[in-house]
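Please keep the model open while reading these notes. Each point covers one topic.

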Amino acid sequence: MTPERRDAMDEMIVKIRSGRLTRRSFLERATAIGLSSTAAVSLLEACGGTSGSTGGNGSTVNIVWQSEKDSTTPSVYQSVTDDFNKSVGHQKGIHVTWQQGPASTNDLLTKYDDMLRARSHSIDVMSIDVVYPAEFAANGWSKPITNTQWPSSARSNYLPGPIQSCTFQGNLVAAPLRTDLGLMYYRKDIITTPPETWDDLVSMSKDAVAKGKTKYGYVWQGAQYEGIVCDFVEVLYGFGGTILDPNDSKKVTINSPAAQQALAAMVSWVGTISPAAVTTYQEDDARLVWQNGNSAFMRNWPYAYSLGNASGSAVAGKFDIHGLLTGGSNTDGGHSCTGGWNLAINAYTPNSDASWEFINYLLGPAAQKKLAIDASQTVTLQSVYDDSDVLAKQPLFGKLKPILQNARPRPVSPRYPDLSNVLQQHLYAALKKQETPSAALSAISSGLQTLVS
Ligand code: GLC
């Protein structure tokens, strides 16, 4: 939310409370500044004034939650926000406005970077990608979550990996809303036994296309943004390679035979089993090709499961998921890349108590279950994975535990955005055949070595 938009909203709230604005004008103005009609009505209701308000004097504290892109229709993030506003928010005098995010996590980081460097609090609760908490902590951009707010007895109900991803130098700098893990989607009506190796996937793809069963074999994320790093590390880990030495994070290990094989394989898919345009694909681009029934395989996150089964999808009921694949002589099994989104409180907001109330609600069973059921989001509350309602609605939850156990993160560093930029630039150049895999890996290796030393 821009400061202008937020000022306009604050002014409307003051005016409606003092009787200087009609309900109708309020709703018109709310729509004009970009609020959805549900959000506008809920804000109007909240402005009716409540007792027991955290804002004091019965007034409402108005906070903004900026999320990553939510592709569900209707938006599940709007829905959990409305649930909060009607329940805890109503009791405590807090009103949350949810703000949709851009498709690319890099664009969202730029937005936060601009806001936080200006010490602005136009956003109170920030959804931050799992790769950024270290940077936020190092810059003092988020308010740590204390033991009093979230005691260890409560934390123990959540997946430990995502909590770890929110922890920097012993402090919890955000709270884990959901994790993410790369999955191999395959068409059950085309592929009888899912592949275990990347070679299997190539031959099954070629066969499916040759027999006229699909247009493409495999769609994934090859555009120059964070997604290309996720897709690459999965192939790399599958071939047995690493980016940094697991025992010494100051040692770059990417220029290895395993990495050469992994990157050469990816390059060979572009324009063969995958469309040449895969180098422009982010998650939703791949998903739309897949949902139109045009690919035998897709690499994507769990959110694509419920969307793929929604009405209007050509693949509804025709697909399943599998873990990531292996390559070369590696027998260690495939590894998904861990992703996910954490909720951080803007260090500059005067509304940190209200922000925590909202975060606490999103971590609670009602919201976590709704995110799993309505959007197949791999939330962090462990009980959701064994919940019978969730398993009935989204059967993928029954298959995720072993995949989660083998998932591996991207490198962790306060300079992650710089590390990632080096990777993105040269991986993309290799996919576009502007650099050979070997030149790309050697450039990545020296770029990373400067950053980690
Ligand atoms: C998903 C993941 C996130 C990752 C991004 C890449 O949103 O949760 O961790 O960085 O995709 O596009």
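Helices (H or I, at least four residues) and strands (E, at least two) are DSSP runs, numbered from the N terminus. The model is predicted, so local features need pLDDT of at least 70 and side-chain atom pairs count only at pLDDT 80 or more, while totals for chains, interfaces and linings use all residues. Residues are numbered from 1 along each chain as its sequence is written, and side-chain values use heavy atoms, with hydrogens and water left out.

1. Two backbone details. P74 sits in the loop between β1 (61-66) and α4 (76-86). The peptide bond that joins T73 and P74 is cis, with omega about -5 degrees. S376 belongs to the loop between α16 and α17 (388-393). The phi angle of S376 is near 40 degrees, a positive value in a residue other than glycine.

2. Domains. The protein chain is divided into domain 1 (3-180 + 341-405) and domain 2 (183-335 + 415-452); such bounds come from an automatic or database domain assignment. Taken over C-alpha atoms, the centres of domain 1 and domain 2 are 31 Å apart. Domain 1 gives 22 residues to the contact and domain 2 gives 19 residues, where contact means heavy atoms within 4.5 Å.

3. Buried area. Between them, domain 1 and domain 2 bury about 1700 Å², and 62% of this is on carbon and sulfur atoms. Buried area is the accessible area (1.4 Å probe) that two parts lose on being put together, summed over both. Which residues of domain 1 lose the most area to domain 2? They are S71, D180 and L396, together 26% of what that side buries.

4. Pairs across the interface. Two salt bridges are counted between domain 1 and domain 2; the term means a side-chain nitrogen of Lys or Arg within 4 Å of a carboxyl oxygen of Asp or Glu. Side chains of opposite charge can pair when their charged atoms come close. Six residue pairs are in polar contact across the interface of domain 1 and domain 2, both residues at pLDDT 80 or more. A polar contact is a pair of N or O atoms within 3.5 Å; within protein, one must be able to donate a hydrogen and the other to accept it, and residues adjacent in sequence count only if both atoms are side-chain atoms. On the side of domain 1 that touches domain 2, the elements giving two or more residues are α6 (105-117), α16 (365-375) and α18 (400-406). The largest share of that side, three residues, comes from α6.

5. D180 has a side-chain N or O atom 2.6 Å from an oxygen atom of the ligand. For G340, a backbone N or O atom is 2.9 Å from a ligand oxygen atom. In R410, a polar side-chain atom is 2.8 Å from an oxygen atom of the ligand.

6. Salt bridges. The whole structure has 19 salt bridges. E226 and R410 form a salt bridge through their side chains (2.8 Å, N to O). This pair links distant parts of the chain, 184 residues apart: E226 is in helix α11 (residues 226-238), and R410 is in the loop between α18 and α19 (416-431). The side chains of K69 and D284 also meet in a salt bridge (2.7 Å, N to O).
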